[in-house]
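The following exercises are to be worked with the sequence and the model at hand. Each task is followed by a solution in steps.

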Amino acid sequence: MENDVRNLTTDHSGVAPGEIAIGVVIGRASEYFDFFVYGIASVMVFPAVFFPQETRLEGALWSFVIFSFAFIARPFGNALFMAIQRHFGRSVKLTGALFLLGISTAGMAFLPGYASLGFTSIVLLAIFRFLQGIALGGSWDGLPSLLALNAPEERRGWYAMLGQMGAPIGFILASGLFLYLDKSLDARDFLDWGWRYPFYVAFAVNVVALFARLRLVVTNEYTKLLEERELEPVPVTELLASQSANVFIGAFASLASYALFHLVTVFPLSWILLNSTRSVDEVLGVQVVGGAILIFGTIASGLVADRIGRRSTLGTAAVLIGIFSLFAPWLLSSGPRGQDAFILIGFALLGLSYGQAAGAVSSNFVAKYRYTGAALTADFAWLIGAAFAPLVALGLSANFGLAYLSAYLLSGVVCTLVALRINRDLAADKARLRG
């Protein structure tokens, strides 16, 4: 199959970093659109459709429990599809992963609610969500690592930022679509059938993205480049046996960014709706603006990182997130203006931090392990930093006060700074040994 796809491309010129960046943005934007469609629905839809027997708070918390299943599944999906790639090739792996992602998403779109199926509907939602995580773990194509290795030395921060641009694009499209549907339909129609349309769209986007990515990653030029850079999968057990320290240092190094990720996207929507202080349209509108700010913040991260270094950028952003966390309770409890400030400032800091979060310490991996190591590091970063963030933040804030939101964010900041310090010391030791 890979040979057939490669023959579609007759251009045998060199592969430029900009071309790789296009492939990365296409792939990540489609995945993040799917990602945010589920995240927004877990706040606006699932508590009422799948947990109507619970209170509003309990329904939201149960929805966030299922939300976490995709992140729990990602490392397993990574291991499974890395094995598929070793035996059957890159195109089979990517096709299978994105096909599974599309089927899981479409399954949610057609899934009847609790009123029709009872507890079975919750079980099926959980299964589809877990399968989404398996698919997301398997959709790693190696392009971000290839982009990092092929970028000019003095522009690596810039090209790393391009790989993260899929997040704001996916978020703006998902939140904008939900905003349009919620404004166009009455509450009953929206909860009955309107919410399903974003899932249909996500399925269609995945199909388009599949063919776009296949055309890039299995051509002769890309295959040769990946092989030259030794970006090939290795067994996850072998990776962990040899490089487990690098995996976990990398995961914790970006923890502040991943923790903030859901605390400015999913959590504010759930908190504000739970307290009925504003309409959902108003909050979604502010978050669409926040998505635009996220784009500019991500661009800024590339410019800053090329001046002071990617790790220094991550550390500086972590300190700023720590300062922001101290003001978070006051902002969220200060009415609409304070809530808007929390969302917009949070998105700006997220752009600065998340723009350099992927693979900031992946240079620790020797060439043989970089492909699998970068993927597994990202999976563990999502699992440790983001999987339970909405659940923990909402549960603690609702029961004990917003001060616990500050404590949660600060814990991520501390982990990031400690991991970056350990990584710096290890790098210094290696430099001394080479000297």
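Contact means heavy atoms within 4.5 Å. Helices (H or I, at least four residues) and strands (E, at least two) are DSSP runs, numbered from the N terminus. The model is predicted: local features need pLDDT of at least 70, side-chain atom pairs count only at pLDDT 80 or more, and totals for chains, interfaces and linings use all residues. Residues are numbered from 1 along each chain as its sequence is written, and side-chain values use heavy atoms, with hydrogens and water left out.

**Exercise 1. The chain as a whole**

Solution. Step 2: buried means under 20% relative accessible area, exposed over 50%, and partly exposed in between (1.4 Å probe, protein chains only). Step 3: among contacts between residues at least 6 apart in sequence, 86% join residues at least 24 apart.

**Exercise 2. Helix H4 against helix H22**

Task: Determine how H4 is oriented to H22, and name the residues that meet.

Solution. Step 1: two packed helices are described by the angle between their axes and the distance between the axes. Axes are lines fitted to C-alpha atoms, for helices over the stretch in contact, and angles run from 0 to 180 degrees between N-to-C directions. Step 2: the axes of H4 and H22 (residues 389-400) come within 9 Å and cross at roughly 155°. That angle makes H4 roughly antiparallel to H22, because angles under 35 degrees count as roughly parallel, over 145 as roughly antiparallel, 65 to 115 as roughly perpendicular and the rest as oblique. Step 3: H4 passes H22 in a left-handed crossing; a crossing is left-handed if the near helix is turned anticlockwise from the far one by less than a right angle, and right-handed if clockwise. Step 4: from H4, Leu57, Ala60, Leu61, Phe64, Val65 and Phe67 meet Pro390, Leu391, Leu394, Gly395 and Ala398 in H22.

**Exercise 3. Helix H18 against helix H19**

Task: Classify the packing of H18 and H19 as parallel, antiparallel, perpendicular or oblique.

Solution. Step 1: H18 (residues 280-308) and H19 (residues 310-332) pack at an angle of about 120°, with their axes 7 Å apart. Step 2: the two helices are therefore oblique to each other. Step 3: H18 passes H19 in a right-handed crossing. The contact is made by Ser301, Val304, Ala305 and Ile308 of H18 and by Arg310, Ser312, Thr313 and Thr316 of H19.

**Exercise 4. Aromatic rings**

Task: Describe the pairs Tyr32 with Phe35 and Phe64 with Phe67, and find the charge over Phe67.

Solution. Step 1: rings of Phe, Tyr and Trp (its six-membered ring) pair if their centres lie within 6.5 Å; planes under 30 degrees apart count as stacked, over 60 as edge-to-face and the rest as tilted. The structure holds 36 aromatic pairs. Among them, Tyr32 and Phe35 are edge-to-face, at 5.8 Å centre to centre with 75° between the planes. Step 2: both residues lie in helix H2 (residues 17-44), three residues apart, about one turn of the helix. Tyr32 counts as buried because its relative accessibility is 9%, and Phe35 because its value is 6%. Step 3: Phe64 and Phe67 also form an edge-to-face pair, at 6.2 Å centre to centre with 70° between the planes. Both are buried, and both lie in H4 (residues 56-67), three residues apart. Step 4: a charge sits over a ring if NZ of Lys or CZ of Arg is within 6 Å of the ring centre and within 35 degrees of the ring normal. Arg129 lies over the face of Phe67, at 5.0 Å from the ring centre, and over the face of Tyr38, at 4.0 Å.

**Exercise 5. Buried places**

Task: Decide whether Ser353 is buried or exposed, and explain why H17 is described as largely enclosed.

Solution. Step 1: Ser353 lies in helix H20 (residues 335-354) and is buried, with a relative accessible area of 2%. Step 2: not counting residues up to four places away in sequence, Ser353 touches Ser257, Leu314, Ala317 and Ile321. Step 3: seven of the eight residues of H17 (residues 267-274) are buried, so the helix is largely enclosed by the rest of the structure. Those buried residues are Phe267, Pro268, Leu269, Ser270, Trp271, Ile272 and Leu273.
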